[in-house]
Amino acid sequence: MDRNCHDRQSWSLPRRVLRAALDLCGNAVRRIRTLGWRPALIGLYVYFGNMVLRAYNRLPLAARFECPCCGWRGRRYLFHDVIGYYKTDSVCPDCRAHEKHRWFFLFFQRKLASIPPDGSVVHFAPEPWVSSMLRPKLGRRYVTADLCESSVDLKADLAAIPLRTAAASSLIVFNVLDYVRRDLVALGEMRRVLGCEGVLYLHVPLRAGGKPTLQYSCPDPLDSLHIRKYGLDILELFRKSGFRTALVTPRSMFDRDEIQRYGLNRDGIFECFPA
Ligand SMILES: [Zn+2]
């Protein structure tokens, strides 16, 4: 190894540490200015907490968790910084899948056999963990779509889907509807694209305690820039749009040990069928 190369390597670690420290400080200052002290302190807590958890996972202890998306096994998932609050045992240290991504992955692993054998499966704002599992199995029938991302197969606005009526046999729409201003129009479009058969798989986080949908006046930076947080009255939207709906939860598909091992929460997935 020549001397210049050795010097570069010996400086690379301090440089990375310095850059990480500057990023951390910059992020904390930005949050204090725009959101206040609490989100800034949460960011710092999660950052240092995750350093501790990564070290803890290196200890030779029996694994408690297993990530179905990448196969990682360990004692603790990482904290998830949700800006206004944080979640414990949420993020896979290896592939960064959150509990909802692990749930979507497992859901389709089990559901794959019941997806109609012909017709397109259109996946809006595709989660890479689910996409990398479905694409090899469905081949050219699997179509990814997004309004902003350039790496997808189809550029599409959920409120004006550029597909003919009854063009798709399945639609996958996870964590999208709560960003769409005209949600009733978007659901009508999904119903049109499915025609009289097929199924819409839809997920949105729901408010706890049966509270009604909360509409924000603008995208809420403390709630991942959602423009609303749905309550169970979303069922009325499905009905108005011509869907009959069933809610599938992890508890209805997995036993207690599996739910604990994969670190799943109580979020469900709506299966919506044309009425
Ligand atoms: Zn993983």
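The model is predicted. Its chain is divided into domain 1 (3-94) and domain 2 (100-274), and the largest nonpolar core, of 54 residues, draws at least three residues from each of these domains.

**Domains**

- The C-alpha centres of domain 1 and domain 2 are 29 Å apart.
- Contact between the two involves eleven residues of domain 1 and twelve residues of domain 2.
- On the side of domain 1 that touches domain 2, eight residues are nonpolar, one is polar and two are charged.

**Nonpolar core**

- Within the largest nonpolar core, the residues with the most contacts are Leu171, Val173, Met190, Leu200 and Leu202.
- Helix α3 (residues 99-111) gives the most to this core, contributing six residues.
- Beyond its neighbours within four places in sequence, Leu202 is in contact with Val173, Leu177, Phe270 and Cys272.
- In soluble globular proteins, nonpolar side chains tend to be buried together.

**Helix α3**

- The 13 residues of α3 reach 18 Å from the first C-alpha to the last, which is close to the 18 Å expected at 1.5 Å a residue.
- Buried positions in α3 are Glu99, His101, Arg102, Trp103, Phe104, Phe105, Leu106, Phe107 and Phe108.
- These buried residues pack against the strands β4 (86-91), β8 and β13 (269-274), and against the helices α4 (128-138), α7 (250-253) and α8 (256-262).

**Seven-stranded sheet**

- Seven strands form an open sheet with mixed pairing, in the order β7-β6-β5-β8-β9-β13-β12.
- At its edges lie β7 and β12 (243-248), each of which pairs on one side only.
- Six bridges join β12 and β13, which pair in the antiparallel sense.
- Ala246 stands opposite Glu271 in β13.
- Strands of a sheet pair through backbone hydrogen bonds, either parallel or antiparallel.

**Ala167 and its surroundings**

- Ala167 is located in the loop between β7 (154-155) and β8 (168-174).
- Ala167 counts as partly exposed because it has 17 C-beta neighbours inside 10 Å, whereas a buried residue would need 20 or more and an exposed one 12 or fewer.
- Apart from neighbours within four places in sequence, Ala167 is in contact with Ser120 and Val193.
- Although Ala167 and Arg192 are 25 residues apart along the chain, their C-alpha atoms are separated by 8.7 Å.

How values were computed. Residues are numbered from 1 along each chain as its sequence is written. This is a predicted model: local features need pLDDT of at least 70, side-chain atom pairs count only at pLDDT 80 or more; totals for chains, interfaces and linings use all residues. A nonpolar core is a set of buried Ala, Val, Leu, Ile, Met, Phe, Trp, Tyr and Cys residues joined through C-beta atoms within 7 Å. Helices (H or I, at least four residues) and strands (E, at least two) are DSSP runs, numbered from the N terminus. Domain bounds come from an automatic or database domain assignment. Two residues are in contact if their C-beta atoms, placed from the backbone, lie within 7 Å. Ala, Val, Leu, Ile, Met, Phe, Trp, Tyr, Cys and Pro count as nonpolar, Asp, Glu, Lys and Arg as charged, and the others, Gly among them, as polar. The expected span of a helix is 1.5 Å times one less than its number of residues. Two strands pair if DSSP finds at least two bridges between them.
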